[in-house]
Amino acid sequence: GCNAGNCHGKAGGQNGFRLSLLGFEPEVDYAALVKEARGRRVFPAAPEQSLVLLKPTGRIPHAGGGRLDPDSDEYKLLLRWVAAGVPFGRPADPVVTRISVYPAARVLAPQDRQQLAFLAHYSDGSEVDVTRRAQYQSNDAEIAEVDSDGVVRVLGSGEAAIMARYQGHVTTFRVVVPFAAKTPDWTFAEKTVVDKFTARKWKELGLAPSDLCSDEEFLRRAGLDIAGTLPTPKQVLAFVADTDAAKRDKLVDKLLDTPEHAYLFANKWASILKVRTGGIVKSTLYSRQGTAAFHKWIVDAAAADMPYDKFVRAIVAATGDERTHPPAVWYKNRAEYPRAAGIDSKFAIERPAQFVDEVGQLFLGQRLACAQCHHHPYEKWSQDDYWGLAAYFGRFGRKYIEGPGIPPIVVSRVRQVNPQDIFVRPTGDVVNPRTRLPAIIKPLDGAPVQVEAGQDPREKLVDWMVAARNPYFARAIANRYWAHFLGRGLVEPIDDMRETNPPTNPELLDALAKELVENKYSLKHLIRTICKSRTYQLSSNPNEFNKRDKQTYARYYPRRVIAEVLFDGLCQVTDSPASFPDLPPHQQRAIKLPDESYSLYFLDVFGRPDRISACECERSSEATLAQVLHLLNSNEVQDKISRVGGRADQLARDPRPDAEKLDELFLWLYGRRPSPAQMKLALADIADNAPNKKAAYENILWALINTKEFYFNR
């Protein structure tokens, strides 16, 4: 713990003594321990009197307290090292190349214990037992915990991974704890590749899947997930009456061809691609035009099912400006400009690190930011790996566009707002801050890459990313889309796909990635594979065997509808259309907004992201008191309910029987008819308000909106 980030491992060290964070820079640590302070920290003539042993054992005052037990292997190892004359070692000495665990996986029962054995494999072929020296961590402490000696204790049912780290290498042990000793016999007909691997996991864990959801539930679920739109009563009745055995598959295909599907997924991508006008770039005519062009490009790409590899290449390897190539806006919102004597520079200051962070998180499922300054604490990535990726952006450049019809550079206290031109320099390097030398262009887990003068290294980066053998690219997008439709990723968080955070169903994730690659990166095919599966069509109602399941999808996990879709649904069921300034009539929906600058409190309180982060976690799906109060009491919601000509007003003036109108109202909101008890209660309320039917229908509409069934997708 001495080299932890809150002690001697932090940037400025502690009390004049600094170690490298988590010990990933041996040269720095050797100099600090042996050479600094006139070598007073080690004393080979009397090893036991070395400060490096006296302080952490508490034999002399130490602000960090006791960190070493004199009987521990760590203490004895340090003692032998000091007694041997504090050797640094030679380049030819064996080094750790990997670590392994035995057993690699086991099926256990609650309260079982398992002693693990970890071996370090060296470059000379030797192996050393490092079980008592490795560091351990469980990814789900509710299922299994681990102590410092590598003993795992099972606490609950499910699946967990135990991470072990030793000298910069990591590995994991997987423990499977069945939920029940015996489940009833069940069969699960496979419709897509998804069902094969989910059913296998359920059998392994002793789970039984829920029944299939009803037609009404599936229609509403698919409509919200694929197109962000509630079905109309007419659509519900027609779908339920349809006797075609393939009607659910046909519904998925139909929804994928709607304009709403393209807008919903453009909204999803625009949020994490940070398509925005505020913040880094001032909201002006130029920035609004650029973000609108980029948003439209994403919409068109989703509608045309642009292959995902081409989609990513157009963004990462973008050149030109927003007028000729809208994806160039992705780089525009990451510019920094120096100021001297109040004059803006024509060229931006480029910080390749921000490109690495976002490319890694967005398209590779890797959170690499930690490796910018030090070795990643929970993964194998080093600073050299990080700056090897940054080197791909060494020739990237941008400048203002000036010319006929373009005004002079606009100078203000915010950064420039003129159109920009993204270009590639003939040469260019990125300095690795660890070595202070030009970083070597290198992909993750790959060999150095040679790039000729005049070539764009980013094209080489995308070549590596989209290659079928790349272990990150296809799996990252498969996991992201799986989370969209099933409520949680096979890896959570969805953009943290490290070795020490393994998927709950690795075979399924690999199968989805393979399906995507073999179908030429068609995202619509990926959606069909997921939504046509029986797994996606399971009921959200649990049975006694899967009621504790949280990660194997033996039932559908209900989740709150996202802010934009919920607002559009509110407008639809109240028949009170939205009104957004400067947008054409066909784009008057929240899911169709091109950027974040359209102010609406409803969207903010329900978690619309500000688009300042590439992480989907910026979008909040949590339920809050403010949301409840807004639906219950806000003028915004009440005005929509009581609007003249709105849904309540229409129903009040409609001559049909009240029961028939209530059927229709429930179909609008829930995609189903009311239960007998609900019908009885609603009719009684209408009777109590007989002189003012409009008020009665407003009350019922208000009550139905303020239910979980309305603002949850189930």
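**Close-up views of a predicted model**

**View 1. Trp-297 and Phe-294 in helix α9 of the predicted model.** At 15% relative accessibility, Trp-297 falls under the 20% limit and therefore counts as buried. Phe-294 has a relative accessibility of 1%, so Phe-294 counts as buried too. Both residues belong to helix α9 (residues 285-303), where they are 3 residues apart, about one turn of the helix. Residues three or four places apart in an α-helix point the same way, because the helix has 3.6 residues a turn. A search of the whole structure gives 33 aromatic pairs. In the pair of Phe-294 and Trp-297, the ring centres are 6.1 Å apart and the planes meet at 40°, so the pair is classed as tilted.

**View 2. The stacked pair of Tyr-308 and Phe-473.** The ring centres lie 5.0 Å apart, with 25° between the planes. Tyr-308 is part of helix α10 (residues 308-316) and Phe-473 is part of helix α15 (residues 473-486), so this pair ties together parts 165 residues apart in sequence. Tyr-308 counts as buried because its relative accessibility is 0%. Phe-473 is likewise buried, with a relative accessible area of 0%.

**View 3. The aromatic cluster that contains both pairs.** Phe-294, Trp-297, Tyr-308 and Phe-473 are among the members of one aromatic cluster. Trp-269, Phe-311 and Tyr-521 also belong to this cluster.

**View 4. Glu-596, a buried residue without a salt bridge.** Glu-596 is located in the loop between α18 (563-574) and α19 (601-605). Arg-276 provides the nearest side chain of opposite charge, 4.0 Å away. The side chain of Glu-596 also reaches the backbone nitrogen of Thr-277, at 3.1 Å.

**View 5. Charged ends over the rings of Tyr-536 and Phe-239.** The charged end of Arg-221 sits over the ring of Tyr-536, at 5.9 Å from the ring centre. The charged end of Lys-247 sits over the ring of Phe-239, at 4.9 Å from the ring centre.

**View 6. Helix α17, largely enclosed by the rest of the structure.**

Conventions:
Residues are numbered from 1 along each chain as its sequence is written. This is a predicted model: local features need pLDDT of at least 70, side-chain atom pairs count only at pLDDT 80 or more; totals for chains, interfaces and linings use all residues. Side-chain values use heavy atoms; hydrogens and water are left out. Helices (H or I, at least four residues) and strands (E, at least two) are DSSP runs, numbered from the N terminus. Buried means under 20% relative accessible area, exposed over 50%, partly exposed in between (1.4 Å probe, protein chains only). Lys and Arg count as positive and Asp and Glu as negative; His and the chain ends are not counted. A polar contact is a pair of N or O atoms within 3.5 Å; within protein, one must be able to donate a hydrogen and the other to accept it, and residues adjacent in sequence count only if both atoms are side-chain atoms. Rings of Phe, Tyr and Trp (its six-membered ring) pair if their centres lie within 6.5 Å; planes under 30 degrees apart count as stacked, over 60 as edge-to-face and the rest as tilted. A charge sits over a ring if NZ of Lys or CZ of Arg is within 6 Å of the ring centre and within 35 degrees of the ring normal.
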